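Subject: Structure handover

Hi,

Here is the structure I promised to pass on.

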Amino acid sequence: NMMRIPDPVSSKCITAVAAVSLLIISAAVTIAVYPLLPGMEDAFVNAMTYDPKIRLFVAFPDKAMHFDVLEQYYGRILMKKTLKWSLINKMVDDMFTSEYGDLGRKEVDFFGNDGVCLFKYFVKNNDPQKQYAWSVLTTNFACFILIAISYIYIN
């Protein structure tokens, strides 16, 4: 029978299969969780949404729109390229008094660009995740080629 294993399975083979399986699972979990880490917020948060009563920010304001509003409110800001989301959030919070209550701010992150939480396959040139998305897509393509070659080799 061609489907039967020709030799006895050694513990070395079992260890190798377990190690490769663990490596694959670790890589998949890392790719999925990495954009959600709080320390990666500046690279993977595209915009913020606010409560509709906050009319200063409509739709999905990105860093550039926030920067323009903050510059109008605070005056000249010299660090446009290095403005982090944590600083933007602090500056926006300082713009509103407590009578506004909760601003209802939510992040529009890497997985939240669409109605469902999908990987962001179609990135624009100005997306902060362009390199990450292309590296994952390249890895997926390499895995596809490896699987296709394996099937050709097996048959």
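**Salt bridges and their neighbours**

Lysine 63 counts as partly exposed because its relative accessibility is 26%; on this scale, buried means under 20% relative accessible area, exposed means over 50%, and partly exposed is what falls in between, with a 1.4 Å probe and protein chains only. Before going further, bear in mind that this is a predicted model, where local features need pLDDT of at least 70, side-chain atom pairs count only at pLDDT 80 or more, and totals for chains, interfaces and linings use all residues. Residues are numbered from 1 along each chain as its sequence is written, and side-chain values use heavy atoms, with hydrogens and water left out.

Back to lysine 63: which residue does its side chain meet in a salt bridge? The partner is aspartate 42, at 3.5 Å from N to O. Lysine 63 sits in helix H3 (residues 63–74) and aspartate 42 in helix H2 (residues 41–44), so the pair ties together parts that are 21 residues apart in sequence. Helices here are DSSP runs (H or I, at least four residues), numbered from the N terminus, and strands would be E runs of at least two. To count as a salt bridge, a side-chain nitrogen of Lys or Arg has to be within 4 Å of a carboxyl oxygen of Asp or Glu. By that rule there are four salt bridges.

Aspartate 42 is partly exposed, at 25% relative accessibility. Its side chain also meets that of lysine 84 in a salt bridge, 3.8 Å from N to O. Lysine 84 is in the loop between H3 and helix H4 (85–95), so its pairing with aspartate 42 in H2 ties together parts that are 42 residues apart in sequence. Lysine 84 is partly exposed too, with a relative accessible area of 45%.

Another of the salt bridges joins lysine 90 and aspartate 94, whose closest N and O atoms are 3.0 Å apart. These residues are four apart in helix H4, so about one helical turn separates them. Lysine 90 is partly exposed at 48%, and aspartate 94 is partly exposed at 46%.

**The second largest pocket**

A pocket here is an open set of points on a 1 Å grid over the protein atoms alone, with protein on both sides within 12 Å along at least five of seven lines, and lining residues have an atom within 4 Å of a point; a cavity, by contrast, is a set where a 1.4 Å probe fits but cannot get out. The second largest pocket holds about 230 Å³ of space. Helix H1 (11–33) and helix H5 (130–154) are the elements that give two or more residues to its lining. Which of them gives the most? That is H1, with five residues. The lining includes Leu23, Ile31, Asn140 and Cys143, and its residues divide into seven nonpolar, two polar and no charged.

**On the surface**

Ile25, Val29, Val33, Tyr34 and Leu37 make a nonpolar surface patch of about 420 Å². Residues in patches have over 30% relative accessible area and no salt bridge, with nonpolar side chains joined within 5 Å and like charges within 9 Å. Valine 33, in helix H1, is partly exposed at 37% relative accessibility.

Phenylalanine 141 is in helix H5 and counts as exposed, at 53% relative accessibility. Its C-alpha atom is 37 Å from that of phenylalanine 67, which is 74 residues away along the chain.

Cheers

Note on methods. Grid points are joined across faces, edges and corners, and a volume is the space filled by probe spheres set on the points. Ala, Val, Leu, Ile, Met, Phe, Trp, Tyr, Cys and Pro count as nonpolar, Asp, Glu, Lys and Arg as charged, and the others, Gly among them, as polar. Accessible areas come from the Shrake-Rupley method with a 1.4 Å probe; for residues, only the protein chains shown count as cover.
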